[in-house]
Amino acid sequence: MATTEIVVAPTSTSTPTPTPTIAVQYRGVALLPNGKWRAYIVSRDGQVVDVGEFGTATAAALAHDRAILAVLGPGTSATVLNFRAAFSDTELRFLRGRHAPARPSGVVAMVKLSADGSYDTELSRFASRAFDAYMDPELALDVANFRLAHSDMLHQLKEKVVITAGTNANQETCAKAKLDAEREAFVQAAKNKATDELWVERYHHRRQQTGRTFEDENRWPITMPAIDVNVDWFPGEELIYLPHGSCYVDEMIVRKDLIKNIEPDTHMHGDLLI
């Protein structure tokens with residue numbers, strides 16, 4: 001059963017016109033007679049599993065998603081979730097896998113009691129430990145991706161930390177302060193975005209525009225205007241960017257005219273033909 005909640009769409013504060021509303025249907029959420037919202041998941045055999053009571057429909061919908069991901073893992077289809085784009089890679093590891101604090105049933109029990117903030121506290125502790133787990137390749141990869149995606153922000157943050165430390169601080173003290181600030185930023189980035197009301201409003205507004213299903217915004221390819229790139233290529237060629245770049249190849253130049261003149265291989269599958 002899906003529960004409908006009215007969410008106010010984000011608008012500019014300068015417009016005096018009435019704010020439009022969006023009717024949102026959450027999966028695995030039901031309104032109780034006491035005014036609270038119940039989260040639940042349904043097993044493959046049709047058994048309903050209670051995931052707790054929450055003060056808002058958004059919190060119940062998030063609990064539903066966390067329980068589903070704890071059982072099925074990060075490969076779960078976004079069509080059965082309410083806020084797939086809200087989950088960081090760090091939280092996905094926390095919910096299911098060898099880094100999870102318990103078996104799926106134990107994680108679901110933790111989610112069931114998350115209304116008191118205990119789940120978010122444990123997630124922050126896990127993210128803090130993950131930042132320092134240099135010898136774990138999966139966690140180290142998450143930290144490396146975070147540094148790459150937020151390099152400008154982290155650079156500004158470190159500059160502020162050095163200024164705050166003062167000119168009398170030695171190199172070791174500055175290095176520790178920079179690392180602590182970077183760790184705190186990583187912990188904040190690991191938090192679920194659906195805990196931010198403004199993000200939820202924008203998410204529903206974007207979902208209304210693009211349809212029920214769309215790509216996880218965390219994995220949308222980065223687009224760069226050609227005018228910002230100082231690369232020379234010949235007429236008839238097109239500059240193509242790889243999603244999120246590459247550690248070996250930043251861009252590829254493909255000759256359109258050569259591609260069109262190539263005879264298709266008779267052994268090539270039809271779906272691969274251009």
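Analyst: Happy to. Keep in mind that this is a predicted model. Helix α1 covers residues 57–72, which is 16 residues, and its first and last C-alpha atoms are 22 Å apart, close to the 22 Å expected at 1.5 Å a residue. Of those 16 residues, 13 are buried, so α1 is largely enclosed by the rest of the structure. Just after α1 comes Gly73, with a positive phi of about 95°.

Now to the rings. Searching the whole structure turns up eight aromatic pairs. One of them joins Phe94 and Phe126: the ring centres are 5.4 Å apart and the planes meet at 50°, so this pair counts as tilted. It links distant parts of the chain, since Phe94 sits in helix α2 (residues 89–95) and Phe126 in helix α4 (residues 118–131), 32 residues apart. How accessible are these two side chains? Phe94 has a relative accessible area of 2%, which makes it buried, and Phe126, at 6%, counts as buried too.

Phe146 and Phe186 make another aromatic pair, this one edge-to-face, with 5.4 Å from centre to centre and 80° between the planes. Phe146 belongs to helix α5 (residues 137–149) and Phe186 to helix α7 (residues 171–190), so the pair ties together parts of the chain that are 40 residues apart in sequence. Both Phe146 and Phe186 are buried.

Phe146 also takes part in a helix-to-helix contact. Along with Arg147, Leu148 and Ala149 of α5, Phe146 meets Ser151, Met153 and Leu154 of α6. Two packed helices are described by the angle between their axes and the distance between the axes. For α5 and helix α6 (residues 151–165), the angle is about 85° and the axes are 5 Å apart. An angle from 65 to 115 degrees counts as roughly perpendicular, and α5 and α6 are therefore roughly perpendicular to each other.

Ring pairs also build a cluster, which links Tyr26, Phe83, Trp199 and Tyr203.

Finally, a look at the strands, to set beside the helices. Strand β4 (residues 37–42) pairs with strand β5 (residues 48–54) in the antiparallel sense, over five bridges. In this pairing Ile41 stands opposite Val49 of β5. The two strands, β4 and β5, form a hairpin with five residues between them, and Gly46 in the turn has a positive phi of about 90°.

Conventions: Residues numbered from 1 in each chain as written. Predicted model: local features only at pLDDT ≥ 70, side-chain atom pairs only at ≥ 80, totals over all residues. Heavy atoms only, no water. Pairing = 2+ DSSP bridges. Helix = DSSP H or I, 4+ residues; strand = E, 2+ residues; numbered from the N terminus. Expected span 1.5 Å × (residues − 1). Buried < 20%, exposed > 50% of the residue type's maximum accessible area, 1.4 Å probe, protein only. Phe/Tyr/Trp six-rings, centres within 6.5 Å; stacked < 30°, edge-to-face > 60°. Axes fitted to C-alpha atoms, helices over the stretch in contact; angles between N-to-C directions. Parallel < 35°, antiparallel > 145°, perpendicular 65-115°, else oblique. Contact = heavy atoms within 4.5 Å.
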